Amino acid sequence: MIWFQVLGHVSARSERGQVPLGAARQRTVLAALLIEPGTHVSLDRLVDRVWGTTPPRSARQTLHSYVSRLRSVLDDHDGPLLERRSGGYVLRADESAVDLQRFRALVAQARRADDAVAGALWQEAMGLWQGRPFADLDSDWLESMAVRLEAEHHAAVLDRNDLLLRSGEHARLLPEVAAAVQTHPLDERLAGQLMLALYRCGRQADALAHFRLVQERLADELGSDPGPALRELHQRLLRHDDELAAPTGAKEDLSVPVGRLHQPAQLPLDVAGFTGRSADLRRLDELLPDATNDRAARAVVITAIGGTAGVGKTALAVHWAHQIADRFPDGQLYVNLRGYDPEQPMRPADALARFLTALGVPARDIPLDADERAARYRSELAGRRMLIVLDNAGGVAQVRPLLPGSGSSLVVVTSRDSLAGLVAVHGAYHVDLEVLPTAEAVGLLRRLIGERVEQEPEAAVTLADQCARLPLALRVAAVLATSRPDLSLAEVVAELTDRQERLELLDPGGDPYAAVHAVFSWSIQHLPEQAARTFRRLGLHPGPDLDHHVAAALTGLAPHRARRVLETLVSAHLLHRTGSGRYGMHDLLRAYAIHLAAVEDTDGERQEAEERLLGYYQASAFAAVNILYPGEVSYRPPAADPGTPTPDLTQPGPAHDWLRNEYLCVVAIVEHAADHQRSGYVVGLARILYRHLVETNLTGLVALSGHALRAAEDAGDLNGQAHALCQLGIGHFWMGQDETASELLWRALAWYRQVGDLVGEARTLTALSQISYQRGGYEIALEDLRKAIALYRQAGDRLGESKALNGIGLVEERLGNYAQAVEIFQQDLVIVRDLGVRSAEPTALNNLANAELSRGRRSAAAEYVRQSLAVAEELGNPTSKAHALDTLGILYLRLGEPGSAGECFQRALAHFRRIGKRGDQAWSINGLGEVAQFDDDPATALHLHTDALTIATEDGLRHQQARANAGIGHAHRTLGDLDRARTHYEQARAIYTELGMPEAEDLHAPLEAVSAATPSRVPAA
């Protein structure tokens, strides 16, 4: 049989996979027939549908050729008949095999059904919609059909929204409806749904503001007022009508990522001693949108603060943001885009990844494509009131992907660029920040220096002018003045004048920052030599911030001395604190530091500093990962002595902290090394961090492995390419992208075989076996695992052997050979304990627990799973902890304790979402569905198992698809829908039988029961 898709790209698939449908015109012919399967379509109508009003002379002949090819393809895949009849054609496809017809049938059923079962019908219908119909074809007729079908889809969505609101799922619905009103701004029914969802989420003011916005839009664009239904809803909102309250007993929607509850608070510390800028602050306040203003939600409000380097853009933006933060209850996002960094401006894709993480999106769900990340970011922000500060942007291109899609948030951008594109295209308000007025500049000096400014007002004015009235330079100069109380301000001015004149003689071209550089150079001249040298070396660090160990690596100082020097630079306002024990540098100061290093340090000195820096990060990462995953040291390239002290990372806590705090710096270091042809370093660091990233940050794993692959390809390093490809493949596999993973792993396997790396070849075969295992290809998985074991033994790698043994045990368990599985898992446990690989124990113990549970030995299972959880807790391994909790949940269910089971499944699900392992979420969600069924709540069980089925289908998890179908069957049976129950029981049994699993036998009784209660559906003769 063939299943056809037209809701999106036109395609078809059979039991054997994708069906080749040929070129675009040929697919257009098929689409024109699929619109009305079983209906005769004349040749003239077909020609018109395919070519429009200007067909080629040979249109009929070409059409016959297309039909002939399509008929051949359909016949080869046991597809429907494509018959020629009465001067036209008929495609006799079953309507259930065409997604458009299934969508229409499900919508019709959902509209007739009661609320208890309609939810699943709506979800199934909406799941069929994969985008704009016929999106990959060019036909005027199909374009007109697409418009009609999208209107049909929108009408269905509105009906589905009403059901969700009746069911108390307003929180789940709110982001989707908020995004939809941007596409349908004049749809009054949709507007009413948004207003009701906002009201039920405790946001009455926003609901009323949206009514006023719709009222204004209708008046401006149609010259009309809102209809009676929307006006009545508005009045009921105003008087807090009790009937508008959320339904009692509404359950939390577990399909909504926990990240929707996150309220990030990322603003940096407010500027100490902020002075002046009163007029600019008033101007900013005037631009602030008012939630009660009719224009509040018209569009995204963007305030662009521009001005020269050092003028105080960041200080003003942060100070103002702190003043208005309470107006944005959903939180604040902040990022320094480093737009004028000479080497490492932040890419929009990286900034989006940081924001999505802060918004609670699991790493697994962060797309790899920058455009897809931007779309997900806009979806996450839809309907939320957030303050977003984009600091130090290099230009419009860096900012545009970071703008939200709806008008509920405020964006503040700072940049040296005028950002004219934001003003022209996005309606941004531009605030051009000038240097401080003389009175405010002197006022800042008075605040920083004290009474000497009062005593020498003329000298104070001159000093302010010498600093170009830039706040950054004023603060630097004030520190130096206060450190020399023996000098009058006039003498300070004279000394600075002399230095400025000397600099101007050295730079006859007229540096626009000559005055500021004079202040900087004057300050640097009065620093101790160690501090001045440290300042120069800090410019060599490509990351966003650093600690005293990094400073020690750059300078060769002992860490405790480096810390004192850093504090000296903070006191001189040449550095600022970014967090506990961490320091950052203004980009203008960093540029000056780089300039000084190029002028005053030799090439050899700079190279030695960079070598120590790279060595420091490699050695520290090696130490941190080794303490967390000690059994896999042999898989990581050794780290050479960096020639500089590293932090004490001999305990898991500090190791975790170091990896978390330094992640962004490590990314910057890897990019820097890749740009400077240090491929060995890039590949090595990516390999060192692999185990940690695969457990905690899949997006980071793919990013670093991608850098490693490019560096290895540039250097012609085949072994490095193999390692990077293997890591990329494993990362994509855990992110649910099996096709990409398989392609990458096969490429890795070819390189490993060419270079003779037995362990790498075995590791890749083990990874490929996981893909086959997930898809139910157990014989292929066993074949790959046996090959891997032979290679591991040949290489003398017992740990690798244990990993492959573990895979074989999983296959045996899946096939119902529980005794063999227990024996294999016990062998695995003996090996990992003999090797002292503590990090592998939780997996071996948990697998033993599952196998013992499957054969009915609950006491043994309980002991194993508790041991697994204890070791995972001790090691702080979230993945192992989640798997153990999931197994414990199943055990509690078998013991008849649904409350404890539900708690375990919820905790496991939270871990899986945080780590980003989407496929594993299906296990926990299926478990929660079984808890709901146990608690006699079939509607919730149906919802949960449907969510699990969606994930399992997308990720190709055949076992969990069967489990979800069985759960859906149980729920439908309880709800009295025996026809649907039988359908899902049959699907579950078919998968279990296909996989050779004994669970198929468990479905005989319920399947026979519902079959006896309902007549068989026999096709008409």
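Predicted model: local features only at pLDDT ≥ 70, side-chain atom pairs only at ≥ 80, totals over all residues.
Good morning. Local features here need pLDDT of at least 70 and side-chain atom pairs count only at pLDDT 80 or more, while totals for chains, interfaces and linings use all residues. Residues are numbered from 1 along each chain as its sequence is written, and side-chain values use heavy atoms, leaving out hydrogens and water.

I begin with Thr28, which lies in helix α1, residues 24-34; helices are DSSP runs of H or I with at least four residues, numbered from the N terminus. Is Thr28 buried or exposed? With 2% relative accessibility, Thr28 counts as buried, the term for under 20% relative accessible area with a 1.4 Å probe and protein chains only, where exposed is over 50%. Apart from neighbours within four places in sequence, Thr28 contacts Arg49, Val50, Leu137, Ser139 and Leu142; contact means heavy atoms within 4.5 Å.

Next comes helix α39. Among the buried residues of α39 are Tyr864, Val865, Ser868, Leu869 and Leu875. Which helices do the buried residues of α39 pack against? They pack against α28 (652-661), α37 (818-835), α38 (841-854) and α40 (878-894). Just after α39, Gly876 adopts a positive phi of about 70°.

Helix α38 also has a partner in α36, residues 798-814: the two pack at an angle of about 15°, with axes 11 Å apart. Axes are lines fitted to C-alpha atoms over the stretch in contact, and angles run from 0 to 180 degrees between N-to-C directions. Helices α36 and α38 are therefore roughly parallel, a label for angles under 35 degrees, with over 145 counting as roughly antiparallel. On the α36 side, Asn806, Leu810 and Glu813 meet residues of α38 including Asn847 and Ala851.

Finally, I turn to helices α44, residues 958-975, and α45, residues 978-994, whose axes come within 8 Å and cross at roughly 155°. That makes α44 roughly antiparallel to α45. Their meeting residues include Ala962, Ile968 and His972 in α44, and Ala981, Tyr985 and Ile991 in α45. By class, this contact of α44 with α45 holds nine nonpolar, eight polar and five charged residues. Here Ala, Val, Leu, Ile, Met, Phe, Trp, Tyr, Cys and Pro count as nonpolar, Asp, Glu, Lys and Arg as charged, and the others, Gly among them, as polar.

Technical notes:
Parallel < 35°, antiparallel > 145°, perpendicular 65-115°, else oblique.
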